Amino acid sequence: MAGNSKKARRLPSSMGRNLGHLWFVAPGFLFFLLVMLVPLILAFAISMTDWTGLGADAKFIGLGNYVEILGYWPFYRAAFHNALIFLAILLFQHTVGLYIAVLLNEKPRFMQFYRTVLFLPVIMSLVSTGFIWTLMLSPNIGLINPMLKAIGLGFLAKQWLSEPGTALMVIIMVTAWNSLGWAIIIYLAGLQGVPEELKQAAEMDGANSRQVFWRVVFPQLSPAFTALTVLTFIGTFRTFDVVYVLTGPLGAPNFATDVLGTLIYRTAFGGSSFSSADIRFAFGVAMALLMMIVMAVIVQLLIRMLRSREIES
């Protein structure tokens, strides 16, 4: 009898059977709380104050920083520049990236070499990329202007990073060069997943190569289109490194390349021409949190809209 009672006590209760798996999730969940939620809660608490980041003087102001951001025009100017970069990069990736992926999918000679060369900029540090292009575009020691003059296009030579009309274009060009490899790899993976039977059936029905691509292959690339669009949106609205290295924290010239990343950095930590009196750490944190919330909402809308398009296709 005593042995049976001990055995009964060892049996797990119904709660243990239903919730026992949570022990396996607990370490990861605690780590998530430690590195994600705790800093986020602390950041939100700071954003509710007027703390400058210097000293211990801080006064609770509630949602005052968030209300001020709604009327802070540099925030909208920087967001507009981010939106321009996003649209330009999106168009470039969905055209040039797709075209190169289609060419590589034909398995040309030296395909591995081409794929490696095209993906090489992706694995380079954005800071290194920025320094390389700063040197290439330099009006004194750069290569771009002498090359233009050598091929008879000297009238196009400019001080690329000093003129408001070209500085943002250079930022877009460097970002496109750096991210093209992602577009090629994602579209190439999508192309290689299209069943050959579908293309052969369309050809047997009399479709030419162009009709096969647009009516059979392209609809199958919808998941790749969705993934690339969402990743491009997140990447371009987090742009900081390239702008900081090429045109500095002020988004020179005359804030023509100022993006949300440099604006938040400059507000929270100060720029090269900012005095300590201009540093508003709590205000910068509030901008960063607001940007994160807006981005999360837009990403959800993008995913929902593009996923519905995938189902329809």
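Tutor: Start with Asn-145, which lies in helix H8. Helices are DSSP runs of H or I with at least four residues, and strands are runs of E with at least two, numbered from the N terminus. This is a predicted model: local features need pLDDT of at least 70, side-chain atom pairs count only at pLDDT 80 or more, and totals for chains, interfaces and linings use all residues. Residues are numbered from 1 along each chain as its sequence is written, and side-chain values use heavy atoms, with hydrogens and water left out.

Student: Why is Asn-145 called buried?
Tutor: Buried means under 20% relative accessible area, exposed means over 50%, and partly exposed is in between (1.4 Å probe, protein chains only). Asn-145 has 9% relative accessibility, so it counts as buried.

Student: What does Asn-145 touch, not counting residues up to four places away in sequence?
Tutor: Contact means heavy atoms within 4.5 Å. On that count Asn-145 touches Pro-139, Ala-157, Lys-158 and Trp-160.

Student: How do you know that the span of helix H7 agrees with its number of residues?
Tutor: The expected span is 1.5 Å times one less than the number of residues. H7 covers residues 126-137, 12 residues, so it should span 16 Å. Its end C-alpha atoms are 16 Å apart, which agrees.

Student: Which residues of H7 are buried?
Tutor: Thr-129, Gly-130, Trp-133 and Leu-137. They cover an arc of only 100° around the axis, so they sit on the same side of H7. The arc is that of the directions from the helix axis to the C-beta atoms.

Student: What covers the buried residues of H7?
Tutor: The cover includes helix H8 (144-150), helix H9 (164-192) and H13. On the other side of H7, Phe-131 and Leu-135 are exposed.

Student: Where is Met-124, and what makes it partly exposed?
Tutor: Met-124 is in the loop between helix H6 (111-123) and H7. Its relative accessibility is 27%, so Met-124 counts as partly exposed. Leaving aside neighbours within four places in sequence, Met-124 is in contact with Thr-129, Ile-132, Trp-177 and Asn-178.

Student: How many salt bridges does a search of the whole structure find?
Tutor: The search finds 4. A salt bridge is a side-chain nitrogen of Lys or Arg within 4 Å of a carboxyl oxygen of Asp or Glu.

Student: What makes Asp-258 and Arg-77 a salt bridge?
Tutor: Their closest N and O atoms are 3.5 Å apart, and the limit is 4 Å, so the pair qualifies. The pair links distant parts of the chain, 181 residues apart. Asp-258 is in the loop between helix H13 (241-247) and helix H14 (260-269), while Arg-77 is in helix H5 (residues 73-105).

Student: Are these two residues buried or exposed?
Tutor: Asp-258 has a relative accessible area of 0%, so it is buried. Arg-77, with 17%, is buried too.

Student: What is the distance between the closest N and O atoms of Asp-258 and Arg-266?
Tutor: They are 2.8 Å apart, and the two residues form a salt bridge. Salt bridges that share partners join Arg-77, Asp-258 and Arg-266 into one network. Arg-266 is buried, because its relative accessible area is 4%.

Student: Why are Lys-199 and Glu-196 about one helical turn apart?
Tutor: They are 3 residues apart in helix H10 (residues 196-204), so about one helical turn separates them. Lys-199 has 17% relative accessibility, so it counts as buried. Glu-196 has 44%, so it is partly exposed.
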